[in-house]
Amino acid sequence: MAAPGSRGRSLSGLLPAQTSLEYALLDAVTQQEKDSLVYQYLQKVDGWEQDLSVPEFPEGLEWLNTEEPISVYKDLCGKIVILDFFTYCCINCIHLLPDLHALEHTYSDKDGLLIIGVHSAKFPNEKVLDNIKSAVLRYNITHPVVNDADASLWQELEVSCWPTLVILGPRGNMLFSLIGEGHKDKLFLYTSIALKYYKDRGQIRDDKIGIKLYKDSLPPSPLLFPGKVTVDQVTNRLVIADTGHHRILVVWKNGQIQYSIGGPNPGRKDGIFSESTFNSPQGVAIMNNIIYVADTENHLIRKIDLEAERVSTVAGIGIQGTDKEGGAKGEQQPISSPWDVVFGTSGSEVQRGDILWIAMAGTHQIWALLLDSGKLPKKNELTKGTCLRFAGSGNEENRNNAYPHKAGFAQPSGLSLASEDPWSCLFVADSESSTVRSISLKDGAVKHLVGGERDPMNLFAFGDVDGVGINAKLQHPLGVTWDKKRNLLYVADSYNHKIKVVDPKTKNCTTLAGTGDTNNVTSSSFTESTFNEPGGLCIGENGQLLYVADTNNHQIKIMDLETKMVSVLPIFRSENAVVDGPFLVEKQKTLPKLPKSAPSIRLSPVAVCAGQTLQFQLRLDLPSGSKLTEGVPSCWFLRAEGNEWLLQGQMPSGDIENISSQPTISLQIPDDCLSLEAIVSVSVFLYYCSADSSACMMKAILFSQPLQITDTQQGCIAPVELRYVF
């Protein structure tokens with residue numbers, strides 16, 4: 001039987017034969033019957049006069065996790081190959097990754113199997129190799145990935161949706177395709193029988209493919225892809241979802257870690273802090289020493305009790321659910337990829353915080369977990385622990401409706417509550433429709449705020465345009481936070497690498513910070529600042545500060561809404577905190593001796609008060625044509641001789657890795673001051689070479705900053721610039 005020639009190389013050529021197979025499999029009872037049916041199918045497809053061959057990867061494509069580009073007809077001969085057509089924003093593609101990981105643990109290239117991720121972008125931002133690199137790290141993808149930025153392979157094969165798997169035989173001949181998620185059993189069945197079939201014919205080769213993992217080339221960092229951040233309004237502590245390290249950090253406002261829970265590897269375990277594990281946690285909410293966590297890839301909602309120092313599960317069963325209604329007790333209710341959580345209240349007569357709202361990205365809905373007995377809009381009384389759908393049909397669409405169950409969302413990923421009148425709503429960052437929407441807490445009505453377009457089925461109405469309502473354009477926003485002091489909504493416009501602000505009264509959306517460039521500028525004004533796929537944000541310090549989880553820069557950035565300056569929160573550990581995972585500063589550096597030739601600059605005194613944070617911005621210029629010496633870390637040191645109490649819990653030293661992106665040094669004045677006057681010093685040691693590396697040298701400089709500590713509350717302190725030209 002010849003393969004149909006009119007379809008060329010498209011997947012439609014497989015459709016008639018594979019459809020017949022899948023109908024036959026429905027009637028098969030035993031595993032032996034299923035194996036036999038697939039074996040017979042392969043005999044038929046393998047016997048076609050002409051292979052349905054996959055085209056060669058085009059030359060010039062960018063590859064990750066390989067030593068060099070891969071050729072279908074040179075490197076992959078003798079292999080069963082699975083092409084995973086994916087785009088990293090897609091929740092369905094994310095859901096498929098555990099199946100692929102499991103398959104890779106069962107069979108290796110030595111067994112004759114290789115998986116290749118073919119990244120075919122939806123959003124323009126996803127075509128950029130650096131952003132794909134971040135996704136490969138974030139989701140621990142260890143097989144080769146090719147950036148098919150122009151979707152040439154996608155178009156040649158007539159792939160129609162994300163994700164799509166194409167299984168190839170050892171001649172590059174297409175055998176099967178699987179569209180969408182939820183086909184793990186078929187994936188394992190087709191792969192195992194294909195390996196057996198071609199091994200029986202001596203066509204499987206066990207040679208290894210040159211794998212070079214991108215993650216092995218990276219230095220450790222205190223944070224790894226932090227997804228969300230929230231603030232404890234009582235203590236001003238921050239809670240950070242350190243997503244890439246699979247842990248939750250509780251840090252003081254100076255960045256010192258109080259608790260580190262989970263990590264560094266993924267897992268799913270309740271219990272005391274030292275034993276508990278998470279898997280790519282995202283949303284966090286804190287109240288009264290209780291933290292709720294959207295444990296995204298475990299498909300769970302977890303509860304952290306900071307007083308008891310224990311973690312427990314309050315919703316989900318640990319595997320991805322498909323239920324779109326809910327209604328069971330939380331720990332018996334399957335859920336799917338929760339991405340954010342926020343506290344709410346069920347009514348004016350009930351205490352605040354008796355509902356946990358959940359952005360259920362996996363089923364494109366908003367759910368509620370009852371933390372106490374109460375009511376939802378248009379619902380009867382619900383018992384404590386009930387977990388159920390609140391809004392969203394479960395269809396992936398951009399549909400607004402007065403009836404919450406008839407509305408449609410597309411991968412909602414961020415939530416914020418505006419409980420006060422006239423708002424009384426939840427704001428939703430609906431990432432795949434590139435919109436921000438609102439849900440009334442009074443009647444559940446879902447309304448459009450900004451972004452997208454009127455056609456509810458068009459999920460490609462994205463862009464980067466300031467404007468009003470539907471004329472404004474966003475690109476895959478992941479976070480929102482409500483500023484009740486100003487009645488404004490801040491949006492993490494993730495794929496535009498910007499922070500935007502929306503006035504919900506006028507629906508006007510404007511850029512607040514971010515140039516759109518992803519080069520990391522660690523300290524700057526709003527207009528000069530940069531972010532890289534920021535994923536979450538929250539308001540702190542009574543509306544003065546906006547904290548941003550700058551996900552792909554592995555940082556928490558602080559936006560001062562009064563001074564319009566952006567800085568980086570230093571994350572560091574104290575001797576008492578249990579911290580898992582790698583850190584940049586593993587031990588305190590020894591202060592080198594300053595050369596006699598080192599200039600000493602005494603700065604003008606600065607007035608500060610207890611609790612304030614003073615920031616020093618390095619602004620050092622090397623001689624023209626010079627560059628920092630590779631392999632020799634330039635560094636800075638913070639000292640306060642005679643007043644060491646000033647530096648308790650502070651980060652005392654750090655590296656200078658790039659002269660064009662110099663660090664900001666933070667000093668938080670302690671609440672209990674032992675002296676009203678002190679001098680802090682910043683010593684800087686730079687190792688640099690001439691452009692042709694013919695001469696290398698070390699230069700140093702000492703800055704002395706007198707402090708006048710007062711009892712009266714000061715206004716915002718402008719950062720102190722430490723300028724010098726060598």
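How much area do domain 1 and domain 3 bury between them? The total is about 1200 Å², and 48% of it lies on carbon and sulfur atoms. Buried area here is the accessible area (1.4 Å probe) that two parts lose on being put together, summed over both.

## Before we start

What you see is a predicted model, where local features need pLDDT of at least 70, side-chain atom pairs count only at pLDDT 80 or more, and totals for chains, interfaces and linings use all residues. Residues are numbered from 1 along each chain as its sequence is written, and side-chain values use heavy atoms, with hydrogens and water left out.

## The domains

The domain assignment gives domain 1 (11–215), domain 2 (265–391), domain 3 (393–575) and domain 4 (600–725). These bounds come from an automatic or database domain assignment.

Back to the pair from the opening. The centres of domain 1 and domain 3, taken over C-alpha atoms, are 36 Å apart. Where they touch, 14 residues of domain 1 are in contact (heavy atoms within 4.5 Å) with 15 residues of domain 3. On the domain 1 side, Lys122, Phe123 and Asn125 lose the most area to domain 3, together 46% of what that side buries.

## H1 and its two partners

A quick word on terms. Helices (H or I, at least four residues) and strands (E, at least two) are DSSP runs, numbered from the N terminus. Two packed helices are described by the angle between their axes and the distance between the axes. Axes are lines fitted to C-alpha atoms, for helices over the stretch in contact, and angles run from 0 to 180 degrees between N-to-C directions. Angles under 35 degrees count as roughly parallel, over 145 as roughly antiparallel, 65 to 115 as roughly perpendicular and the rest as oblique.

Now for helix H1 (residues 15–27), which packs against helix H2 (residues 31–46) at about 165°, the axes being 10 Å apart. That makes H1 roughly antiparallel to H2. On the H1 side you'll find Ala17, Gln18, Leu21, Ala24 and Leu25, meeting Lys34, Leu37, Val38, Tyr41 and Lys44 of H2. By class, this contact has 7 nonpolar, 1 polar and 2 charged residues. (Ala, Val, Leu, Ile, Met, Phe, Trp, Tyr, Cys and Pro count as nonpolar, Asp, Glu, Lys and Arg as charged, and the others, Gly among them, as polar.)

H1 also meets helix H6 (residues 184–200): their axes come within 14 Å and cross at roughly 110°. So H1 is roughly perpendicular to H6. Gln18, Leu21, Glu22 and Leu25 of H1 make this contact with Lys186, Leu189 and Tyr190 of H6. The tally for H1 with H6 is 4 nonpolar, 1 polar and 2 charged.

## H3 alongside H6

H6 has helix H3 (residues 91–106) to pack with as well, at an angle of about 30° and with 10 Å between the axes. H3 and H6 are therefore roughly parallel to each other. From H3 come Asp99, Leu100, Ala102, Leu103 and Thr106, and they meet Lys184, Leu187, Phe188 and Thr191 in H6. Sorted by class, the contact of H3 with H6 has 5 nonpolar, 2 polar and 2 charged residues.

## Backbone details in the loops

Take a look at Pro163, in the loop between helix H5 (152–157) and strand S5 (164–168). Pro422 sits in the loop between strand S21 (412–418) and strand S22 (425–430).

His246 is another one to find: although not a glycine, His246 has a positive phi of about 55°. Look for His246 in the loop between strand S8 (238–242) and strand S9 (247–251).
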